[in-house]
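Work through the exercises below with the model open. Try each task before reading its solution.

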Amino acid sequence: MLVWFAVLFFLIPIAANAQVDPFPGLSVQGTMEMLAPPQPPVVPFIDLSVRNPQTGQEVAFSLQLLLLLTVLSLAPSIIILMTSFLRVAIVLDFIKRALSLQQVPPNQVLMGIAFFLTVLIMWPTFSTIYTNSIRPLSAGELSVENAYREAETPLRSFMFRQMTRELEGRSGVFQRNSNIELFMAMRGLEQPNGPDDVPMYILIPAFILNELTIAFRIGILLFIPFIVIDMVVASTLMSMGMIMLPPVMISMPFKLTLFILVDGWGLLTQQIVRSFNM
């Protein structure tokens with residue numbers, strides 16, 4: 001026992017005086033310094049000053065800018081109502097309803113098809129507007145008023161071609177349109193003798209009614225063969241006593257099969273493009 005106490009008496013002070021590393025070999029020494037806070041993002045300052053115009057050119061520029069913003073805000077309505085988009089969109093919706101389709105194809109797809117078909121049909125008119133109006137305006141060769149007149153002319157020509165036809169093959173003969181006469185009478189104006197006598201605010205609503213009428217005529221013709229299939233399927237189910245079975249569920253595969261066999265999408269697209277008197 002005395003030997004053990006002697007050994008412990010000498011070893012404990014030696015162990016206390018030994019240098020022991022408080023961290024493992026792979027550890028990292030810590031620090032008490034605080035990191036610098038991140039700098040806030042730099043946002044540029046834009047100053048828009050509003051002042052009274054000093055010259056007539058500044059007044060004209062302000063009015064042109066206001067007119068440009070107005071046209072841009074009305075651009076969707078112009079594309080929908082003053083081009084071929086209205087007729088194409090209505091016809092595509094009719095064929096979807098005639099096939100008894102609910103979700104396929106989605107409306108976004110149909111509107112995309114209508115948009116690109118509109119670009120195809122209206123491309124000559126758009127090219128003329130760009131050549132005669134937009135490009136000279138950007139080059140400073142035309143004023144805003146003259147550019148508007150140059151852009152209005154091909155658009156009026158397109159709308160008149162859809163609403164009127166040449167009489168007995170004689171070119172240059174103006175044929176009166178019932179829609180134009182209706183709106184002219186509502187405004188208390190004299191009946192026109194030519195296209196130049198029809199103001200733009202009369203031509204646009206008359207063109208819209210004309211497009212709606214033609215689109216509904218095409219839709220009726222599209223519905224006829226599919227209605228026949230629905231009637232045949234419904235009468236067959238009634239004769240078999242299957243009253244509780246929805247006829248649409250049975251007739252839809254037959255309608256889709258007929259539509260695919262006759263290349264429905266190709267024929268529909270071809271006839272829509274041909275329906276425009278280009």
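**Exercise 1.** Which helices do the buried residues of α5 pack against?

*Solution.* This is a predicted model: local features need pLDDT of at least 70, side-chain atom pairs count only at pLDDT 80 or more, and totals for chains, interfaces and linings use all residues. Residues are numbered from 1 along each chain, and side-chain values use heavy atoms, without hydrogens or water.
Step 1: list the buried residues (under 20% relative accessible area, 1.4 Å probe, protein chains only). In α5 they include L110, L117, I121, M122 and I129.
Step 2: find their partners, with contact meaning heavy atoms within 4.5 Å. The buried residues of α5 pack against α4 (85-98), α6 (144-163) and α10 (264-274).

**Exercise 2.** Find where α5 kinks.

*Solution.* Step 1: compare spans. A straight helix of 32 residues would span 46 Å, but α5 (residues 107-138) spans only 37 Å between its end C-alpha atoms.
Step 1: locate the bend, the angle between axes fitted to the seven residues ending at a residue and the seven starting there. A kink of about 65° lies at M122, shortly before P124.

**Exercise 3.** Classify the ring pair F158 and F276.

*Solution.* Step 1: apply the cut-offs. Ring centres must lie within 6.5 Å; planes under 30 degrees apart are stacked, over 60 edge-to-face, the rest tilted. The structure holds 7 aromatic pairs.
Step 1: F158 and F276 are stacked, at 6.4 Å centre to centre and 20° between the planes.
Step 2: F158 is in helix α6 and F276 in the segment after α10, 118 residues apart.
Step 3: check burial. F158 is buried at 1%, and F276 is buried at 3%.

Methods: Helix = DSSP H or I, 4+ residues; strand = E, 2+ residues; numbered from the N terminus. Expected span 1.5 Å × (residues − 1). Buried < 20%, exposed > 50% of the residue type's maximum accessible area, 1.4 Å probe, protein only. Phe/Tyr/Trp six-rings, centres within 6.5 Å; stacked < 30°, edge-to-face > 60°.
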